[in-house]
Amino acid sequence: MTQHHKTQVCIIGSGPSGLLLAQFLGQAGIETIILDRRDRTYIEGRIRAGVLEQGTVEALEEAGVADRLYAEGLRHDGFDLAFDGTRHRIDLKALTGTSVVVYGQTEVTKDLFVARENQGQRFFFDVSDVIPSDLKADKPTVAFRQNGEDHIVSCDYIAGCDGFRGVSRAAIPADVLKTFERVYPFGWLGLLVDQPPVSDELIYANHTRGFALASMRSPTRSRYYIQCDLSDDVSDWSDDRFWEEFATRLGPDTAANLKTAPSLEKSIAPLRSFVSEPMRYGNLFLAGDAAHIVPPTGAKGLNLAIADIRVLSQALLAHYKDGSDHHLDTYSETVLKRVWKVERFSWQLSTLMHQFPENTPFEKRMQRAEFDYIASSEAASRTIAENYVGLPLE
Ligand code: FAS
Ligand code: PHB
């Protein structure tokens with residue numbers, strides 16, 4: 001027997017996009033249902049982003065979920081770019097007047113889950129066979145199965161917040177959907193360790209052996225990455241092998257401060273740039289990774305998702321509170337304008353900071369020349385800085 005549900009907005013996906021949208025709508029008294037194919041423990045446990053733009057911090061504050069972020073987040077006024085041992089600090093504060101906050105995506109997700117619980121609105125975890133339908137109808141529907149039972153949600157709008165491998169994007173007809181993609185010829189091997197960070201601020205390093213990133217989660221927990229081959233498996237990388245490679249790529253002066261310990265987590269993520277257009281079809285709206293992916297080099301994935309939700313939530317509020325659909329009608333065009341600019345920055349920084357197997361000696365010299373230009377030009381450094389702290393929403 002199928003269970004029928006009614007709501008105003010059905011949100012597919014309970015990652016940062018879906019959770020923040022639910023929080024904003026819930027604050028305004030708009031009813032939502034959130035579905036996720038995973039459960040809360042799994043979602044909270046995913047190690048992903050670590051750097052929040054000021055705009056993201058403000059959005060989380062508006063959503064009433066920033067208390068722990070303000071108490072535990074680490075404000076960073078700059079970061080280093082390193083090229084074969086030469087380091088150049090991008091002084092975010094001096095160049096842009098603002099900065100970023102280091103606070104893990106896992107913590108953002110936990111804070112949003114607690115807020116959702118306090119709202120007492122409906123979650124469905126461990127769902128399967130999620131099918132968005134009737135996207136052009138006044139009341140689109142989302143069918144799904146949970147614990148062997150069939151469910152169907154009737155709603156005003158569907159928010160596709162189900163990430164890169166979700167079902168929402170695929171619900172847009174193939175003759176309407178346009179996709180754009182660049183898959184990079186390498187991955188990132190990430191490691192989490194309970195040791196103080198090797199440096200007070202992040203270091204992005206391009207070494208002849210490959211890229212490395214020294215990041216962190218707290219004064220006692222560090223998050224490190226090295227570029228690895230796409231054919232690599234995590235089992236190919238013992239902790240000792242990782243530490244040796246990471247230290248080599250950081251260079252002896254920086255590595256002198258490196259404290260190692262057994263890894264808490266190790267994983268390999270592929271890198272891609274991806275955009276799908278449009279981000280609206282009928283009463284389905286895509287947001288976050290469901291619509292676009294950036295290589296993590298620019299620390300933009302999570303921030304881009306939050307930026308989409310800031311626009312989408314305002315557009316839905318205008319519909320329900322003022323009866324105005326202008327922002328819903330312009331949503332896709334509005335967010336895509338910024339998405340492409342952020343894609344450009346993430347692609348540019350990835351192209352600058354990684355070793356590409358196919359690069360010719362000339363292209364390697366171009367990488368070095370671009371680094372030297374950034375290091376010697378305030379204007380060039382400001383370009384990096386204004387993208388890193390986050391471009392304006394519109
Ligand atoms: P998410 O993918 O976080 O959430 C989508 C949710 O939808 C998931 O909970 C999933 O279970 C659910 N879902 C999927 N299919 C479904 C279905 N059919 N039915 C119901 N639910 C479904 N960004 C950075 O800024 N910095 C980083 O260092 C960084 N590292 C990353 C490493 C990895 C391995 C990955 C995959 C991403 C990384 N990102 C990083 C990007 C990441 O942070 C995303 O931008 C962010 O999670 C986007 O949030 P959402 O759009 O909510 O998508
Ligand atoms: C992280 O801390 O996980 C992190 C930080 C900056 C990036 C990517 C990942 O660009």
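Which backbone N or O atom lies 2.7 Å from an oxygen atom of ligand 2? I looked this up and found that the atom belongs to Pro-296.

I note that the model is predicted, that local features need pLDDT of at least 70 and side-chain atom pairs pLDDT 80 or more, while totals for chains, interfaces and linings use all residues. Residues are numbered from 1 along each chain as its sequence is written, chains are lettered from A and ligands numbered from 1 in the order in which they are written, and side-chain values use heavy atoms, with hydrogens and water left out.

**Ligand 2**

I then found a polar side-chain atom of Ser-215 at 2.6 Å from an oxygen atom of ligand 2, and a backbone N or O atom of Thr-297 at 3.2 Å from an oxygen atom of this ligand. Of the 280 Å² of accessible area (Shrake-Rupley method, 1.4 Å probe) that ligand 2 has on its own, the protein covers 97%. Strand 16 (210-218) and strand 17 (221-228) are the elements that give two or more residues to the shell, and strand 16 gives the most, with three residues; strands here are DSSP runs of E with at least two residues, numbered from the N terminus.

Strand 3 (residues 32-35) runs parallel to strand 9 and is joined to it by three bridges, with Ile-34 opposite Phe-123.

Terms used:
Two strands pair if DSSP finds at least two bridges between them. Helices (H or I, at least four residues) and strands (E, at least two) are DSSP runs, numbered from the N terminus. A polar contact is a pair of N or O atoms within 3.5 Å; within protein, one must be able to donate a hydrogen and the other to accept it, and residues adjacent in sequence count only if both atoms are side-chain atoms.
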